[in-house]
Amino acid sequence: MTTLDPSHASEAFKEFRPPLLDGKNDYKTITDQICGVPEWSHSETPKAWYIAFTIAVSMLGMLGAMIAWLFWMGVGVWGNNNPAFWGWPIVNFVFWVGIGHAGTLISAILFLFRQKWRTSINRFAEAMTIFAVACAAIFPGIHVGRPWVAYWLFPIPNQMDMWPQFRSPLLWDVFAVSTYATVSLLFWYLGMIPDLATIRDRATTPVRRFLYGLFAMGWNGSNRQWHRFERAYLLLAALATPLVLSVHSVVSFDFAVAQLPGWHTTIFPPYFVAGAIFSGFAMVVSLAVPARQFFGMKNLITMRHLEAMNKVILATSMMVGYAYLTELFIAWYGGNPYERFAFLNRVMGNYSWAYWSMFSCNVIFPQLFWFKKIRRSIPLMMIICVLVNVGMWFERFVITVTSLSRDFVPSSWGYFTPTLIDALTFIGSFGLFFTLFLLFCRWLPMVAVAEVKADMPRDEAAVKGA
Amino acid sequence: MSPMSPNAQESASLKASARAGASSAEWRSLSDLENTPEFQELLAREFPDQDPQSVPEVDRRRFLQLMGASAALATLSSCRWEAEQILPFNQRPQGMTPGVAKHFATCVEFGGVAQPLLLRNYDGRPIKVEGNPEHPASLGASTMHAQALTLEWADPDRSKVIANKKGGTQDESNLEAFQEFVDEHFGALRDGGAGVAVLGAPTSSPTMLDLARRFRDVFPDNAGWFTYEPLNRDTEIEGAAIAFGKPLRTHYKLGEADVQLWLDADLLGSHPNSLRYSRDWASRRVAEVAIQDGEPMMTRVYAVESTPSVSGSVADHRLPLRSDRIHGLLLEIERALDGTVLASRPAWLDEEPTKKFIAAVVEDLRRAGPKVLIAVGPRQPAVVHAIAHRINQKKGAIGKTVVMTEEPVAAKQTEGLAALVRAMNAGTVKTLVLLGGNPVFDAPADLGFEAALAKVPVSVHVGLYRNETARQCTWHVNEAHPLESWGDSRSWDGTVTLQQPQILPLHKGLSQIEVLAKINGDEKTAGIDLVQRTLKKLPNAGGNFDAWFARCLHDGFVTGSAFTPANVTLQTFDAPAPTSAADPLANGSIEVVFKDGTIGDGRFANNGWLVETPDPMSKVTWDNAAYVSVETAEKLGLADNTLLEITIGGAKVEVPTFILPGQAKGSIAIAVGWGRTCAGRIGGDVAGEIAPIGRNVYPLRTQSTMGSASNASVRATGKKYELASTQDHFVMDRIGMEEREARIDVLIRKDTFDNWKDHPDHVKHAVHHPPLESLWHEVAYDGHKWGMSIDLSRCTGCNACVVGCTSENNIPVVGKEQVLRGREMHWIRVDRYFGGDPENPELAHQPLTCHHCENAPCEQVCPVAATSHNSEGLNDMVYNRCIGTRYCGNNCPYKVRRFNYFSNVEHFKEPGGDLYKLIMNPEVTVRTRGVMEKCTFCVQRISEVRKEAKRENRAIGASEIKTACQQACPTEAIVFGDLANGDAEVAKREALGRSYKVLDELNIKPRTHYLAKITNPNSALHIAKTAHGDDGHGNAQKKGH
């Protein structure tokens, strides 16, 4: 039994495993470094942050304007048409939900698996998750024809005794995504409490002390609190883990439960989950690389972290590629002529450009991560990770739009063309994402201070001296 | 109350004054009697009622505030909405229940032929046009144009006032001024003045013809009475005149001839008698009926035409051939039947597939004896008609399958118009009265009508719209719509058909006969008087005229007034040798065929329903296009959605190209009537900065090329022009085309008559699937089971159902931009498929509505249960529950759901848009933006009958409920009813061997079934056709047996 104890194992392999952090760090430097960012004064804040924030807020404003125009005019401002009743908004929804997978996966599943390297990246991966889910949540809401009655999706008791229709996967979606958002938010916030308390304790202004103190919820670092905290964290991790798998499975039911050829396949739940983790990790890398640069966290988020994430990307890329090939095989082997055509059409039809964009971005380019040099090259990993996100967006586009545009009766086949509003709304959703993300980087502890410290090699002398 | 002294005080002092003696004998009040100093003071006051003490003190600010507010309120009260008053009947007319529809028989005249109608009238508003079921020319059906009349009636762009041109501009005038002008101007002319001419629309109206006679009497020196319509039947009448020595009308008995050859003849589509012809044709296309008679026989129809028409599309064999070659083809057939030799025989007759086709036709005609008919369309020159008559006569068909009767419509319209223009140019026409029509737009280009019109000092135009012609005239009179006025006409068979107003004229217009009566100085000027005066003279008029007239009005027609067959003898005539270019694809001798489109000759250009109705073949909306065959396009370098420049003589027009399989090689067909500049907010109004829709091709059309021109040069301009087609263009990627081809056989199941006789349920085995099991608990329907049957053997793709549904169900018009995005709203669509050889494809139509699946996939995915089943199995759509996720649309395998992407009622808010509300069916919800909608199986009609049956305490009759599409269908292809009622036609049809359900293998249990298309091909031609893969499923089927 003792050999299974992770702490013993780490002791045993200490000399073989490089430390998780680079450079000379001790508890104080870590605290100063991470808590230093929220304590930046106006003049200390880099200009780049202001510029980035201005751009992000402008994009967010554009999102607002697009939504206002949408509400004023109607869903027709988008490119959706009669066979393709769903278009970019649903593609964007699935895209953002997918991105929102990495955070909880890193926090919960890697926590349960005792992957200690997660501590440097989990905080902001979780933040990313929440912001991505926030972006995702916008789309189903504004996507409906009459958004002012969108609340009918929720099972609110009413005088008509009218409940939602529980057989609809769209309704399951409502529950899955809202549960996921709630648990992710709780998980993120709970993990942050000790760090918020640290900032409170270091605060030099009353405002800061009050605000951080408010959210630190009276944390005093007592033994009992730590005990409870770690129990709660473990429980939430256990709760969040199935959600990582369930939320995208349920999202995939939106498609799989429909009888549309190209949607109606049983492979969707695992395939969607793998794809979500894939895109989520790619997004974490795309964000971590600039963040560690601009906020001086290179010692905390090391090349080793990035490389580990790139390995996950490589693995999930192959899962996704396997799913693509399985789909094609089953389409042929299954003998359903409509399904066969749906896939033939994806690969060779009007939208083959989208299919091959998806395939190359998701399956071919990530194979470069087999090479250690590429895995450890900042510019190359940035390019590949951005391509993965492009590819994953295309995956959802291919699934949603190509299947819809050519279904059973050829007379109603059509071709979907997006409008400018579609594009600006999607770009605007990045505005929301980056606004929230930049605010988070600036005002909250970007790395989990307490957790990183827990996994630091102990300074035996200091411990003894104390 | 006034602040005068209180009563108590008054009465107390009363006694005192009475004691003191009254100051005067009479007193006005007790105060007067008392006559106190207060009273004296009161009398002296300027405003006795006003006690200055009692007015509360108001400071300056408050005063100004109150004054300001009062002034503001006073101003506001003056700018209020115009009060709309709905006046109830203070005595309800007998038999009228508000909200319950009434039906009135009437008619409208198109091309001089009455279309018998039955108007559904709600509370005094005509809501829905239906065919008159008792009239022999309709039998309850109606054309798409007739269906769209209500929208024309309510069109806010209709002419609303009389206009008079003084100086350069037309100004608003009024009826009094016009009456004054008529009295003065025509009054003077009646006394021997010369130079008054009338140009009217061709008509068979007894009243109009009577007024024309009176006109000639009143104006003895008149300059003539002319009639003209651009899509006239001059050649047809002239052909009969050549063959039989007098202008006659040709009637075909499509239900009686076993072998029929239709040459450029769209008998089931654009023919004025298309409704009856369609019914007759369909009566012999029902396989089950055909075998009931002793000798199994279905008609066999051969069609030869340059451009695929509704009629050609349902022929057993169709040969695409340039219109100018049909003459040669017919002579060749005649020669072959006679066994003689054609003097100068063009080489193309020996080309395939023409040669084989001719051989098959000749063989069949020979075998069928006298039960044959050869019909020729108005695009063909008169001599071709004459030759057809000659062959029909030789076969003994005249009098049997081809019946000749008198022709009430004037012959030689184009020649007449030319004579009129000559007279106008010569200055002999001083006054021109135009009764309807739009010759400035649609007259043959070589006549120069517009220039000639400018030379006529006084011109009076009577029309529904202030169109291109109206604006060039000195007077324009707003015409009362046919739904607003009295009139009469004759249907194709000659039955005198009455037109009665459904409502008072919306814009106080006058009907043509009323204007003419004024001009004639008639003693009667009211429409009804004029009509009654004419009808009194009819031999059928009974002794009690009023009762007889009431009876006729009720029926909508005069019983027994049809024409009687004329005795004819064939004249000898020489048929000139046919001329047609040797190489049909040589640029410079390309043929341009002028066809009619959904907007007729242009008169319906402002009718959104018709403009958005897809062309039956190309499925293009909002535009006309140059249809070219695949081979022609390749040869001439033309591509879809690009502009094509066509030059004939000096005239040049650019038209968007549409590659249409089945168009004849070297022939370009273009619909006329598009490109209007003074039509209105839909059809184009250049003055109002609304761009014309489509391209005007009338400039290419001359007197000698009314049907087709054979000397066109074309040039691909390469300019892009997007056409809004509701179905995919032919040009598609390869795999899409292959798949579509493969699916047609499963969607539209076909069989030959011979094969069907041996295997009546052949078509049921087209799809093989494992046993179907449902995930859900399946509902058993014990009561009514509403269902629909669509017989593909009978569907011609004529679009009557589409417009009928649009009118019944308040379906919005969305515009070209939205159609391009695939957002058209039609609840019923007619799919058109091509199969086989692109140069001569097999054509098939398939109307699709909501199938009301019992296991509906749309219902399972709606998160708010906005679409769900009722107890009778109708898939209901609850608009006010719908939040618009559109998931149902995604999951509908037929893609028949329609989403309101925008608010489709914005046109109500435009100036004049209120009028559109008049024709909204009050029984059907007008949908808001953001909700899904779809075919309801006309649930309002079901309810109407259900209520009636309940009130009368009886069961709903087997075929009592008719949906709007069924009602409009001229061939009875669509039947609705209760599948649970064995007596219902729909249930009987479902039990037939050739019934099948589309996509039944999805286990959705659709309530709509189709009857397979059974054709009767000639085996000599059919074998050649199956070579290109008709039978993907045929083989599988053989294995199944």
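**A predicted two-chain model: contacts, packing and confidence**

Visitor: What scores does the model have as a whole?

Guide: The ipTM is 0.90 and the pTM is 0.87.

Visitor: Where in chain A is confidence lowest, and where is it highest?

Guide: Chain A has a mean pLDDT of 87, with 94% of its residues at 70 or more. The lowest confidence falls in helix 1 (residues 6-12) of chain A, with a mean of 48, and the highest in helix 3 (residues 47-73) of chain A, with 94. Over residues 1-10 of chain A, pLDDT stays under 50, and the model has three contacts beyond four places in sequence for them. Where pLDDT is low, the predicted coordinates should not be read in detail.

Visitor: What is the corresponding picture for chain B?

Guide: The mean pLDDT of chain B is 87, and 93% of its residues reach 70 or more. In residues 1-6 of chain B the pLDDT is below 50, with five contacts beyond near neighbours in sequence. Residues 1024-1041 of chain B also have a pLDDT below 50, and that stretch has 17 such contacts.

Visitor: The axes of helix 4 (residues 88-99) and helix 6 (residues 122-143) of chain A come within 8 Å and cross at roughly 155°. Why is helix 4 of chain A called roughly antiparallel to helix 6 of chain A?

Guide: Angles over 145 degrees count as roughly antiparallel. The crossing angle is roughly 155°, and therefore helix 4 of chain A is roughly antiparallel to helix 6 of chain A. Their crossing is left-handed.

Visitor: Which residues of helix 4 and helix 6 of chain A meet?

Guide: Helix 4 of chain A contributes Pro89(A), Ile90(A), Asn92(A), Phe93(A), Trp96(A), Val97(A) and Ile99(A). Among the residues they meet in helix 6 of chain A are Ala132(A), Val133(A), Phe139(A) and His143(A). The residues of this contact divide into 13 nonpolar, two polar and no charged.

Visitor: How do you know whether helix 6 of chain A and helix 16 (residues 420-443) of chain A are parallel or antiparallel?

Guide: They pack at an angle of about 150°, with their axes 9 Å apart. The threshold for roughly antiparallel is over 145 degrees, so helix 6 and helix 16 of chain A are roughly antiparallel to each other. This crossing is right-handed. The contact includes Met128(A), Phe131(A) and Ile138(A) of helix 6 of chain A, and Ser429(A), Leu432(A) and Phe440(A) of helix 16 of chain A. It has twelve nonpolar, one polar and no charged residues.

Visitor: Helix 7 of chain A and helix 8 (residues 206-216) of chain A have axes that come within 8 Å and cross at roughly 155°. What makes helix 7 of chain A roughly antiparallel to helix 8 of chain A?

Guide: An angle of roughly 155° is set against the limit of over 145 degrees, and so helix 7 of chain A is roughly antiparallel to helix 8 of chain A. The crossing is left-handed. Ile193(A), Leu196(A), Ala197(A), Ile199(A) and Arg200(A) of helix 7 of chain A make the contact with Arg209(A), Tyr212(A), Gly213(A), Phe215(A) and Ala216(A) of helix 8 of chain A.

Visitor: How many of the residues in the contact of helix 7 with helix 8 of chain A are charged?

Guide: Two are charged, beside seven nonpolar and one polar. Arg counts as charged, and Arg200(A) and Arg209(A) both belong to this contact.

Visitor: What is the phi of Asp161(A), and where does this residue lie?

Guide: Asp161(A) has a positive phi of about 55°, although it is not a glycine. Asp161(A) is located in the loop between helix 6 and helix 7 of chain A.

Visitor: What is the omega of the bond that joins Glu352(B) and Pro353(B)?

Guide: Omega is about 5°, and the peptide bond is cis. Pro353(B) lies in the loop between helix 13 (323-338) and helix 14 (354-368) of chain B.

Visitor: How many residues of domain 2 of chain B are in contact with domain 3 of chain B?

Guide: The domain assignment gives domain 2 of chain B as 163-232 + 411-555 and domain 3 as 234-406. Their centres, taken over C-alpha atoms, are separated by 36 Å. Seven residues of domain 2 of chain B are in contact with nine residues of domain 3 of chain B. The side of domain 2 of chain B in this contact has two nonpolar, four polar and one charged residues.

Conventions: Residues are numbered from 1 along each chain as its sequence is written. Chains are lettered from A and ligands numbered from 1 in the order in which they are written. This is a predicted model: local features need pLDDT of at least 70, side-chain atom pairs count only at pLDDT 80 or more; totals for chains, interfaces and linings use all residues. pLDDT is the predictor's confidence in each residue, from 0 to 100. Helices (H or I, at least four residues) and strands (E, at least two) are DSSP runs, numbered from the N terminus. Two residues are in contact if their C-beta atoms, placed from the backbone, lie within 7 Å. Axes are lines fitted to C-alpha atoms, for helices over the stretch in contact, and angles run from 0 to 180 degrees between N-to-C directions. Angles under 35 degrees count as roughly parallel, over 145 as roughly antiparallel, 65 to 115 as roughly perpendicular and the rest as oblique. A crossing is left-handed if the near helix is turned anticlockwise from the far one by less than a right angle, and right-handed if clockwise. Domain bounds come from an automatic or database domain assignment.
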